[in-house]
Amino acid sequence: MPSKLTVRFNSRKIDELIMRHSEITIGRKSDNDLRLEDATVSNQHAKILRKDDGYYIEDCGSTNGTLLNGQAVKFHKLAPADVIVIGKYTITLEAVNRVPQPDDLDPTLQIGKKELEHILGRIRSASLTHSESSIAIDRKTLNWIAQDENGVWWGFENKPTPGIHGWIDALDGRKILLKQDKESNSQWRDSLQKLT
């Protein structure tokens with residue numbers, strides 16, 4: 001059965017990641033699959049590995065260690081309801097009914113800077129209608145837009161919630177890449193806008 005990692009900070013869910021690969025790296029550096037921004041997290045802190053007989057947690061020689069159900073571990077098999085603690089974060093591995101499949105639309109659909117600026121300008125003036133859009137947005141496909149911390153603008157079918165570095169759609173609706181700005185945006189959590 002497919003699984004996902006659910007990440008919490010102070011008991012509040014802040015991110016989730018579907019286990020699509022046999023190895024997920026966790027750490028403070030940006031090249032990790034799951035990046036945890038905290039001084040108590042090492043650059044390459046831990047890995048979660050999928051093997052034939054299940055999932056395993058492996059500490060990568062981190063400074064502050066990796067806890068599994070309150071005990072420091074170097075390498076250990078994960079069981080349902082296990083809680084991994086890395087720094088100030090808790091991570092659980094949960095089964096999911098299905099892995100989200102690629103959408104009918106190309107998820108990497110990109111539009112030019114002029115088109116996005118045009119869309120954003122019309123949103124600000126509250127005059128955008130979907131039939132007027134130059135990229136023929138289907139209302140069921142794109143209802144929200146938001147920018148992540150890297151300056152990437154995304155379109156969402158469902159209202160997303162902020163994760164660690166970007167937006168999460170817990171309902172697994174459509175998510176479409178719209179445009180990448182040249183600069184990152186430290187205020188990205190304020191960028192969520194509803195298309196009306």
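**Sheet notes**

I began with an open sheet of four strands, ordered β16-β13-β12-β17 and paired antiparallel. At its edges I found β16 (175-180) and β17 (193-194), each pairing on one side only. For my terms, strands are DSSP runs of E with at least two residues, numbered from the N terminus, and two strands pair if DSSP finds at least two bridges between them.

This is a predicted model, where local features need pLDDT of at least 70, side-chain atom pairs count only at pLDDT 80 or more, and totals for chains, interfaces and linings use all residues. Residues are numbered from 1 along each chain as its sequence is written, and side-chain values use heavy atoms, leaving out hydrogens and water.

Next I looked up β13 (residues 152-156), which five bridges join to β16 in an antiparallel run. I noted F156 standing opposite K175 in β16.

I then turned to an open sheet of five strands with mixed pairing, in the order β4-β3-β5-β6-β9. Here β4 (34-35) and β9 (75-77) are the edges with a single partner strand each, so one side of each has no neighbour in the sheet.

How many bridges join β5 to β6? I found six, between residues 46-51 and residues 54-59, and the two strands run antiparallel. A hairpin of two residues links β5 to β6. Among the partners, I48 bridges to I57 and K47 to E58.

On to β9: three bridges join β6 to this strand, again antiparallel, and Y56 has K77 as its bridge partner there.

Last, I checked burial (buried means under 20% relative accessible area, with a 1.4 Å probe and protein chains only). Five of the six residues of β6 are buried, so β6 is largely enclosed by the rest of the structure.

Notes
Buried means under 20% relative accessible area, exposed over 50%, partly exposed in between (1.4 Å probe, protein chains only).
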